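Please work through the exercises below with the sequence and the model side by side, trying each task before reading its solution.

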Amino acid sequence: MANPPVPFFAQTAVLDKYIHSPNPGVEPEILEIIIEALKTKPELREYFFRNGPNPVWAKILWEHGFFQTPPLPLETKEGSFLRHWDVQIYLDMVADQVPEIVLQHVLEFQGHGWYISRALHALVKTPSEIIEQAVPKLLEWLKDPTIASHIDDESCELMFKLAEGRRKAPTFALFKALTTPVQKGPPESTTYEFWSGAAVQTTAEHLLDRKDFRRSLLQILEDLDLLKYSETLEENLRSLLDMEAQIYSQPRLKNSSWWRSAIEDTSQDFLDRDRDNLLSSLRSGLESQLKIDANLVSPIIARFLSNPYRLFYRLGLYLLSVKPDHFIEIVTQILLTPDNYADDEIRHEFFTLLEATFRLLTYEQQDTILSIILNGPPQAKLNTLAQRFANESEEDTRKLIEKYIKRWMRDRLWMVRDYLLPVHQEILREIVVELGEPEHPTFLTWTSKGYWVKQVPPLTDQELAEITPLELVQFLNNWKPDSQQRFGPTEISYEGLASSLGKLVVGSFDKYSPYLYELAAARADYATSILNHLSEPEYEITNWDALLGLCESLLANDTFRKSSETTKGNWKWVRSAIVKILEKGLRKNTPYEQIERFRDLLLILTDDPSPTPEEDRPPEGQFGHSDPMAVAINYTRPMAVNALIEYARVRANNLNIGDVDFSAANRLEDEVQKTLSNKLVPSLEPSLAVRSVFGGCTDILYWLNKEWWLSNLDAIFPDVIDSDSLLLFAAAWDSFITRPFHIYLFDYLRPKYLQAITLAAKGQSTKPSFYSPISYLAGHLFWEYLLGGTELPKPINLDDSLLKIFFTKTTPESRGLAVATCSQILRRHQNVILKYWPKVRAFWEWRAYEASAAGYTVDFQDEMIHFAEILPIVPESETLNSLWNLLETLLPYVTRSEYRNHGWDSVEEFLLTRFEHEPVRSIQFYNLLWNQRKTRPNWYHHSDEAIKLVTLAIENPLSRHDAFRLIDFLARWGDYTFKSLYERYS
């Protein structure tokens, strides 16, 4: 078995006879050989354990020391990782059949907490009497924080298993340990950390979580011994409060319960802190028992009511309200104590108790309570409030105090409203008429769940439609939202009215067209909404005269044209909405007879104040930072410049000069040309967003006036001599480079491409979030390389290509992006690779040579992975032999990662396409691919192409030998995917 030349599956065939044998020790000599092989042959050991050995092997393995030492951690560049321990996984599978071995493993193991957790996972499958023997060891581990965090879940499972076996003492020993509070770490902010409950947790943090699946299992512990269960939770809750108070050096905090709005679970307490979970579990257990046997809980309630911790006093009040008739004497004493009515900390539980119990009292007792309520708050409280109101409010202090007294009385009378005499009912009714009904009277404060606030108009759409246009104008000018309206899911606002107005005008445009200016001028929100609704793609504008008249009238008003924020809203969005309307007209249904009005409006808007210098260059972290293109599509001035260029294109086409030779026509009007020229003067127009528009429109500007374009080329793409010129160049260039490549522009722009390459090599360019300038630059350079000559040089020479300069100067990361772009181009346009394959191959061969000359360093990793992606689409005229040198260059790179990559997948796909004509060569290279790997890959399944390739190879007599070699290689790595193929053809 140990002879290396023996094929792997030949060795495992012998091993198979003993793996599942019920008596593997019957032949001691063979057993020793197997044990030695398992210790020295990792591939056989893996095969052994993956095939599920008979449970009798557990004792044999224990006796031979297999459970003593876990595997060494896996060291990677990302850090150190624990490996799975094969023998421990096996033990977990057979734990129920070998409980003694599991117990021995738990009691004797010393190591990392994760391996301890796996041992305990196996222990869960053993009988409760076995588990009980391990509890002392388990309690010892739970005291060690470095181990406890790894074993808390398994410890919970063991506790429940013991509880099911009615083993009370070990169950509650574990329960106490698992709910013991422990400090997380030093608090960063005393107040914040206390209220968030972030500094202390229970050992098993999720055991008592109300959302956890174990919540129902706690009933098992309650049924086992409720008093012990409650006593443990009470003790640990008190310890947690003590610990938090000590951590923050604030002893008073342990007696404070303000962090909890109500003892029961409500929407007001949603953090699920451990102190909340301890309280909820304690309350739930006692409440359940109270309904069954109140006498059993009576001493606990009495203890709570005499407890100095306010939280436990409130818990006692809550339990009284669950079954008040059983505790009527205690309840009566509490309700007849005047101070309780003014104690805000116990308010919720006291009010609830009052509501539940008032009906049980005598008439005399009820009268006493009503007297307490009608006497109002304590005078000391009123004096304090009067002082605060005088300092903090401009309103009349006396009126505020009167209002407070009425609210105080209302909330308490409301709790007993069903049992009031007529005289008291009238008092309550009068207060409710004045103040309204209390929404949540038992709570001092109430926070509603979050919701989106919907902006709505003051009138319905139908009501707005029924108003005459003139009345609507008057309404818009006079209406204001109520500043005192209550916060809620809807808000009556200008925004809501504007939305309805826009829909109304678009729906009946002819009706409102004579009043468009008056409607829009009433407020910027109204104008924006009207224009935005009209600019929607589905709306067809037919009355351009009225619409352009609206735009002209708005821009004729200096306030609307030049300002942003006014008392009537933000007018800069109105102006950008005007540009959108004009763009829509230019691109869809331009009324040519009105086109000069388009031009005049756009000329005004090209001097718009938006964006400001701050808006044009947003700071880091804000939208548009280092991305002038993003700013350009969101602010008026660059939008207007872009629309003006589009206007010039539309006009030229309408004048039938679109087909005239580039060099023979000037398609720009003087006024438009002058405006564009001014926008290229940094002192007049410093906006990077505007400059990006010129870069994006380069091909159109060339067509409109080649002579003007050439004379302004250095203005559009300035030479980089300082930081300002760098920003201007990058803004225009990054916009230009995202547009399709045009070969007719290249010769003029070659110096600009060279400058861009130099800047890219230095890392000096804008860095937009949504695209990579490097990728687009590489795409342009690749197209120029492919299209840059009708005759292919022989041999092909890259020396004059900017593509070569790019790869010579830039970083490995940039080169990887470049090849990814080239690969993407070829895969999208497969006709290109057929036509220009010699150039593509020459480019690839050059990069492969450079990688080889550099010793196959990681600097070429990304390049070679993306070159491999081209393989599935190379011309069929290429064979494995003709490509062999290139394929060998890929080997160090596609095999370097522990994970499958696109390069690896592409090689498999390529080999499958070549198998029919080159079966032996295909499987031979696939063998090379696997043999090149230094470590076992981190994936579990082969691709469909790989499975088909190996299947075809083993079915073919010519390639079968190499297929066997590959299968044997994979099997030694624990990959048995092709075992059935091996057995069928061997």
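**Exercise 1.** How are helix 8 and helix 9 oriented to each other, roughly parallel or roughly antiparallel?

*Solution.* Residues are numbered from 1 along each chain as its sequence is written, and side-chain values use heavy atoms, with hydrogens and water left out. Begin with the geometry: helix 8 (residues 128-142) packs against helix 9 (residues 145-164) at an angle of about 150°, and their axes lie 11 Å apart. Angles over 145 degrees, on a scale from 0 to 180 between N-to-C directions, count as roughly antiparallel, and the two helices are therefore roughly antiparallel.

**Exercise 2.** Determine how helix 2 is placed against helix 3.

*Solution.* Helix 2 (residues 28-40) and helix 3 (residues 42-50) pack at about 110°, with axes 6 Å apart. Because 65 to 115 degrees counts as roughly perpendicular, helix 2 is roughly perpendicular to helix 3. On the helix 2 side the contact is made by Ala37, Leu38 and Thr40, and on the helix 3 side by Pro42, Leu44, Arg45 and Phe48.

**Exercise 3.** Over which residues is the pLDDT below 50?

*Solution.* The protein averages a pLDDT of 90, and 92% of the residues score at least 70. Over residues 189-195, however, the pLDDT is below 50, and it stays under 50 over residues 790-796 as well. Where pLDDT is low, the predicted coordinates should not be read in detail.

Technical notes. Predicted model: local features only at pLDDT ≥ 70, side-chain atom pairs only at ≥ 80, totals over all residues. pLDDT = per-residue confidence, 0-100. Contact = heavy atoms within 4.5 Å. Helix = DSSP H or I, 4+ residues; strand = E, 2+ residues; numbered from the N terminus. Parallel < 35°, antiparallel > 145°, perpendicular 65-115°, else oblique.
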